[in-house]
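This report goes through the model shown below, from strand pairing to backbone geometry. Please keep the structure open while reading.

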Amino acid sequence: EKTHKDFFTQFKIHPQHTHTHTLITQNYTHTHIFHKYIHKRMECEGHSHDHEHTDDAGASLRSEINFPGVYCLNELTPNSGRAVLKPHDERFSIHPNLISQYDPDDDPELLLHVPFTESVSIKTVTVKGRFSVDGGVDDDGNVTGTAAPKTVKVYANRQDLDFETVRELEPHATIDLLPPEHGEEFGDGTIDYPLRPAGRFQGVSCVTLYFPDNYAMGEEDDGEEEDKVQTEITFVGLKGKGMNVKRRAVECVYETRGMKKDHKVPDEMGGSHFV
């Protein structure tokens, strides 16, 4: 019968140097031992944990967001999509939050559109929920819980997107989000997901985040229809750099009908004629 100590000795890793990514089960003799996927003080694969307002990915782009132009489709509370674009130091607050509308016949999708006041280069995106699945069903059979988003699809420089369009359109990036419990292991950090390929997210005037599913949307068993659980998001953050290219309105004067006297052209003899 193997023990936890035997497991750590086998891989020559001290138990204090472990880092949880997924929980897997090993069936040792007469004993089921739950152990962790080992990571010996290495960076998490495919993402980093954010502890600071500014890091190698750049600064928060919140100051570059054109908030009056932000909108979210299928949000339960008006302007709650705008509200979760919080300051960096409020990223752990659970309110205000963004929750999808409840409809037993539709998936709990969310589509968040974020325009900027100037062209930006986006390096990372951060999405935080409360729990993988929180709550349940009340006495009347209504779903009362929420679930963290599981996937986000990212589109740059598209201002014409809705649910019907994004279901068919290839995203510029697709990110598989880790459950919120993953970030809680670090106490004071959130997860920055890099946007790749990076070239697609330079010179960005707007970005759209599509959340098609959540952690409560598992596979259907025995053909039974699963309960629809609303998606909940408590924080969305974007990091990168502004490109100092402001979007400005251009003042132009148009003629409804050209006037000959305003369009004199010199001729070969030094005089002028009208066009």
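## Strand 13 and its partner

In this predicted model, Val 125 stands opposite Tyr 193 of strand 13. The two strands concerned, strand 8 (residues 110-128) and strand 13, run antiparallel to each other and are paired over two bridges.

Strand 13 covers residues 190-194 and is mostly covered, with four of its five residues buried. Strand 13 also takes part in the lining of a cavity, where it supplies at least two residues.

## The second largest cavity

Two cavities of 30 Å³ or more are present in the structure. The second largest cavity holds about 130 Å³ of space. Its lining consists of 16 residues, and those nearest the cavity centre are Ser 60, Phe 235, Val 236, Gly 237 and Leu 238.

Which strand gives the most to the lining of the second largest cavity? Strand 16 does, with five residues. Strand 16 spans 235-246 and, like strand 13, contributes at least two residues to the lining. By residue class, the lining of the second largest cavity is made up of six nonpolar, five polar and five charged residues.

## One aromatic pair

Searching the whole structure turns up one aromatic pair. The ring centres of Phe 163 and Tyr 210 are 6.2 Å apart and the ring planes meet at 55°, so the pair is classed as tilted. That angle falls between the limits used here, because planes under 30 degrees apart count as stacked and planes over 60 as edge-to-face.

## The chain as a whole

The chain contains four helices and 18 strands. It has 275 residues, of which 40% count as buried.

Contacts can also be sorted by separation along the sequence. Among contacts between residues at least 6 apart in sequence, 74% join residues that are at least 24 apart.

## Cis peptide bonds

Most peptide bonds are trans. Two exceptions are described here. The bond from His 95 to Pro 96 is cis, with omega near -5°. Pro 96 sits in the loop that runs between helix 2 (80-83) and strand 7 (98-99).

The bond from Arg 196 to Pro 197 is likewise cis, and its omega is near 0°. Pro 197 is placed in the loop between strand 13 and strand 14.

## Positive phi at two asparagines

Most residues other than glycine have a negative phi. Asn 79 has a positive phi, near 70°. Asn 79 lies in the loop between strand 6 (71-73) and helix 2. The relative accessible area of Asn 79 is 44%, so this residue counts as partly exposed.

Asn 157 also has a positive phi, near 60°. The loop that holds Asn 157 lies between strand 11 (151-156) and helix 3. With a relative accessible area of 36%, Asn 157 is partly exposed. The class follows from the cut-offs, because buried means under 20% and exposed means over 50%.

How values were computed: Residues numbered from 1 in each chain as written. Predicted model: local features only at pLDDT ≥ 70, side-chain atom pairs only at ≥ 80, totals over all residues. Heavy atoms only, no water. Phe/Tyr/Trp six-rings, centres within 6.5 Å; stacked < 30°, edge-to-face > 60°. Buried < 20%, exposed > 50% of the residue type's maximum accessible area, 1.4 Å probe, protein only. Pairing = 2+ DSSP bridges. 1 Å grid on protein atoms, 1.4 Å probe; cavity = no way out; pocket = protein on both sides within 12 Å on 5 of 7 lines; lining within 4 Å. Points joined across faces, edges and corners; volume = space filled by probe spheres on them. Nonpolar A, V, L, I, M, F, W, Y, C, P; charged D, E, K, R; others polar. Contact = heavy atoms within 4.5 Å.
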